[in-house]
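Biologist: I have a structure to go through with you. Could we begin with what is meant by accessible area, and then turn to the protein itself?

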Amino acid sequence: MKEPLVPVVPMSHTAHIRSHRKPRRTAQTTMAMRAGVAGGVLSTLAVAGASGSANAAEPVTQTLELPTLTADLAAQVAQSADATQQAAANYQLRAERDAAAAEAAKEAKADLAEAKKKAAAKKKAAEEARKAAAERATRTADRPDLSTSTASTATTASAPASGSVATVIAFLKAQVGDAYVMGATGPNAWDCSSLVQAAFKQVGVDLPRVSQAQSTVGTDIPLSQIQVGDILYWGGKGSAYHTGVYIGNGQYLDAANPSKGVVIQDLSGYPASGAVRVL
């Protein structure tokens, strides 16, 4: 008969050693361990916090170490700003002065050119006046004696002798170049009607003084049939504003205006309104 088997329970090879058995933890031991762990954690956090605080404070420490803006430095900065502003103002002033000088030089050049131009014009006018005076002196010497002409033709005023028209034309041509002055009656300045009146007076024909009345004397002549010595008028008959004398070849002579004076002009350029014949 076989003997019953006894179950064998495996054991650790150190189980028989008493010192290797795990001691039982008591409540006090557990609390002490927990307190130690908590204290260690808190200590670590404290160290980390202190380190973080120190690191966070470093920028502030560096900022405080920057140079402080002292009163002397502020004064230097202000002085530098003032100097810069003054330099800019001086530069602008110099630029303005340069521009003004350039403009003044330009104006001076223009004034000089204008002065030269006026001087040349004045010299030319003086030369022309001298020539005109010399020509006028020549014409004066060639003019017929008024008293002699009047005396010789006084008896034939109503029926002029041959050559009367030539005398009128010669007198008129002798006045070419004289000035036109409203109301003047000679001998060196005329208006239109005074010149016509003076010319016909050379042959004993007394004409009215003004152009309106001169357009009504004598015999009306169609412009297509005018002859040398006929009086031309511009405007209506009896209300004419200008008169002259036909001298042939499509031309007439008159005291035109202040800018022209006594001149010979083409009738085609300024056609007359009508004509009358007194010779």
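Modeller: Accessible areas come from the Shrake-Rupley method with a 1.4 Å probe. Please note that this is a predicted model. For the protein, the accessible surface comes to about 19400 Å², and carbon and sulfur atoms account for 60% of that.

Biologist: What percentage of the residues is buried?

Modeller: Of the 279 residues in the protein, 23% are buried.

Biologist: How many helices and strands are there?

Modeller: The protein has six helices and eight strands. Read from the N terminus, the order of the elements is α-α-α-α-β-β-α-α-β-β-β-β-β-β.

Biologist: And what share of the contacts joins residues at least 24 apart?

Modeller: That share is 56%, taken among contacts between residues at least 6 apart in sequence.

Biologist: Let us change topic to confidence. What is the mean pLDDT?

Modeller: The mean pLDDT is 75, with 59% of the residues reaching 70 or more.

Biologist: Where does pLDDT stay under 50?

Modeller: One such stretch is residues 52-57, for which the model has zero contacts beyond four places in sequence. Residues 139-162 also stay under 50, but there the model has 24 contacts beyond four places in sequence.

Biologist: One last item: where is G235 found?

Modeller: G235 lies in the loop between β4 (231-234) and β5 (242-248).

Biologist: Which residues does G235 touch, leaving aside those up to four places away in sequence?

Modeller: G235 touches A240, Y241 and S273.

Biologist: How far apart are the C-alpha atoms of G235 and S215?

Modeller: They are separated by 9.1 Å, and the two residues are 20 residues apart along the chain.

Definitions and conventions:
Residues are numbered from 1 along each chain as its sequence is written. This is a predicted model: local features need pLDDT of at least 70, side-chain atom pairs count only at pLDDT 80 or more; totals for chains, interfaces and linings use all residues. Side-chain values use heavy atoms; hydrogens and water are left out. Helices (H or I, at least four residues) and strands (E, at least two) are DSSP runs, numbered from the N terminus. Buried means under 20% relative accessible area, exposed over 50%, partly exposed in between (1.4 Å probe, protein chains only). Contact means heavy atoms within 4.5 Å. pLDDT is the predictor's confidence in each residue, from 0 to 100.
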